[in-house]
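Please keep the sequence and the three-dimensional view at hand while reading.

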Amino acid sequence: VLVFVVTAIASLGLGEMARWFAVRRNVIDVPNDRSSHRVPTPRGGGVAIALVSIAGVALLGLSGSVPGWIVLGFCVPGAAIAMVGLLDDVMQLAASTRLVVHVVACAGGLLALPALEFAGLRVGLLPVALLAPLMLLVLVWSVNLYNFMDGIDGIAGMEAVFAGLMIAILSHRIAGPASGLPAVALAGAAGGFLVLNWPPARIFMGDSGSAFLGYALCFLGLALSHAGVNLWALLIVVGAFVSDATVTLVRRLLRREDILKPHRSHAYQRLTDRFGGHLPVTRLYGMVNVFWLAPLALVAQEWPDWAGLIAVLAYLPLVSGVALMGSNAAVGVNPQR
């Protein structure tokens with residue numbers, strides 16, 4: 001509780017400072033025909049999440065509560081991803097530049113892991129030569145996935161609070177109370193920023209926050225799976241975001257669309273148009289997390305032999321719903337702030 005409260009307060013304060021800086025420096029997200037918002041809003045506030053999370057995990061490492069390899073794998077690559085995200089928020093970097101930094105940083109995160117061993121994954125069936133690139137792809141996709149899903153007020157911050165706390169809960173019984181403290185620090189930092197980003201948002205997270213959160217959650221998931229937390233349970237926790245982003249990407253690839261161009265075909269974007277605002281959709285994703293994914297993740301952790309099947313059960317309605325939303329044009333009014 002103390003870690004969560006302290007990081008939340010620090011993130012809220014830094015977020016307010018970031019909003020003041022963005023307004024002074026004209027770092028403003030101006031809406032266009034692809035945007036889900038209609039009012040120019042400062043961006044880049046997610047740097048507060050990154051700074052507070054990295055500082056929090058570093059202090060936990062210095063206190064001896066967190067192993068040094070987790071501190072190294074969380075802080076150094078996370079800082080690199082947050083920095084390139086902040087530069088993109090301010091001056092719009094080329095997509096290729098961001099991708100190179102993401103790949104190198106994620107590779108560094110994998111190198112920090114003591115070994116490529118994950119609870120619930122039959123790694124014996126995969127040689128290291130194949131498993132390492134697969135895990136790198138997962139990490140890089142997580143970075144970009146989270147960025148894609150940060151399109152309406154509150155949704156990315158809400159997801160980070162939920163996922164961080166669930167990771168901490170899942171790790172508590174398996175690896176001890178201290179194992180989940182980095183995830184709690186991350187959840188607290190996201191929660192503090194969420195106060196500023198809750199609909200209607202006073203500042204946007206930007207790439208500095210969304211890309212960092214994508215990396216941080218995935219790295220902590222892999223790290224704690226290495227410590228015994230079931231990987232299927234962790235995958236269930238992030239099911240809402242993974243389903244929406246992945247199904248949308250696959251559908252656009254099959255339609256031979258330019259995946260680098262902005263679009264409005266994610267399920268959450270279509271739902272925002274239908275409901276006429278951001279708040280109902282953010283609440284909907286939150287309810288799916290709490291009442292569907294959280295119980296199934298806990299069950300998967302308790303019955304590891306059935307975890308893979310439980311993950312299929314968890315994802316089936318989500319994937320079906322996203323596919324259905326993509327096959328039918330959304331109707332309704334555009335959201336207004």
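By about how many helical turns are Glu-16 and Arg-19 separated in helix 1? Because the two residues are three apart in helix 1, about one helical turn separates Glu-16 and Arg-19. This is a predicted model, in which local features need pLDDT of at least 70 and side-chain atom pairs count only at pLDDT 80 or more, while totals for chains, interfaces and linings use all residues. Residues are numbered from 1 along each chain as its sequence is written, and side-chain values use heavy atoms, with hydrogens and water left out.

**Salt bridges**

- The structure holds five salt bridges, a salt bridge being a side-chain nitrogen of Lys or Arg within 4 Å of a carboxyl oxygen of Asp or Glu.
- Side chains of opposite charge can pair when their charged atoms come close.
- Glu-16 is partly exposed at 29%, and Arg-19 is partly exposed at 27%.
- A network of salt bridges links Glu-16, Arg-19 and Arg-202.
- Asp-88 and Arg-98 meet through their side chains in a salt bridge of 3.3 Å, N to O.
- This pair links distant parts of the chain, since Asp-88 lies in helix 3 and Arg-98 in helix 4 (residues 95–112), ten residues apart.
- Asp-88 is buried, with a relative accessible area of 5%.
- Glu-257 forms a salt bridge with Arg-252, their closest N and O atoms being 2.9 Å apart.
- Of these two partners, Glu-257 is partly exposed at 32% relative accessibility, whereas Arg-252 is buried at 6%.

**Helices**

- Helices (H or I, at least four residues) and strands (E, at least two) are DSSP runs, numbered from the N terminus.
- The expected span of a helix is 1.5 Å times one less than its number of residues.
- Helix 2 (residues 47–62) has 16 residues and should span 22 Å, which agrees with the 22 Å between its end C-alpha atoms.
- Buried residues of helix 2 include Val-47, Ile-49, Val-52 and Leu-60.
- The buried residues of helix 2 pack against helix 1, helix 3 (68–91), helix 7 and helix 8, where contact means heavy atoms within 4.5 Å.
- After helix 2 comes Gly-64, with a positive phi near 85°.
- Helix 6 (residues 155–175) has 21 residues and reaches 29 Å from its first C-alpha to its last, close to the expected 30 Å.
- Because 15 of its 21 residues are buried, helix 6 is largely enclosed by the rest of the structure.
- Val-184 has its place in helix 7 (residues 181–197) and counts as buried at 14% relative accessibility.
- Leaving aside neighbours within four places in sequence, Val-184 is in contact with Val-3, Phe-4, Thr-7, Gly-164 and Ala-168.

**Nonpolar core and surface patch**

- In soluble globular proteins, nonpolar side chains tend to be buried together.
- A nonpolar core is a set of buried Ala, Val, Leu, Ile, Met, Phe, Trp, Tyr and Cys residues joined through side-chain atoms within 4.5 Å.
- The largest nonpolar core has 89 residues, of which Phe-74, Phe-212, Phe-219, Leu-222, Ile-236 and Tyr-285 touch the most other members.
- Helix 8 (residues 206–226) gives the most to this core, with twelve residues.
- Beyond its neighbours within four places in sequence, Tyr-285 is in contact with residues including Met-149, Ile-155, Phe-241 and Leu-271.
- On the surface, Phe-275, Leu-284, Met-287, Val-290 and Phe-291 form a nonpolar patch with about 500 Å² of accessible area together.
- Patches are made of residues with over 30% relative accessible area and no salt bridge, with like charges joined within 9 Å and nonpolar side chains (Val, Leu, Ile, Met, Phe, Trp, Tyr) within 5 Å.
- Accessible areas come from the Shrake-Rupley method with a 1.4 Å probe, and for residues only the protein chains shown count as cover.
- Helix 12 (residues 279–302) gives the most to the patch, with four residues.
- Val-290 lies in helix 12 and is partly exposed at 45% relative accessible area.

**Loops and backbone geometry**

- The peptide bond from Pro-199 to Pro-200 is cis, with omega near -5°.
- Pro-200 has its place in the loop between helix 7 and helix 8.
- Asn-26 has a positive phi of about 60° although it is not a glycine, and Asn-26 is exposed at 60% relative accessibility.

Note on methods: Buried means under 20% relative accessible area, exposed over 50%, partly exposed in between (1.4 Å probe, protein chains only).
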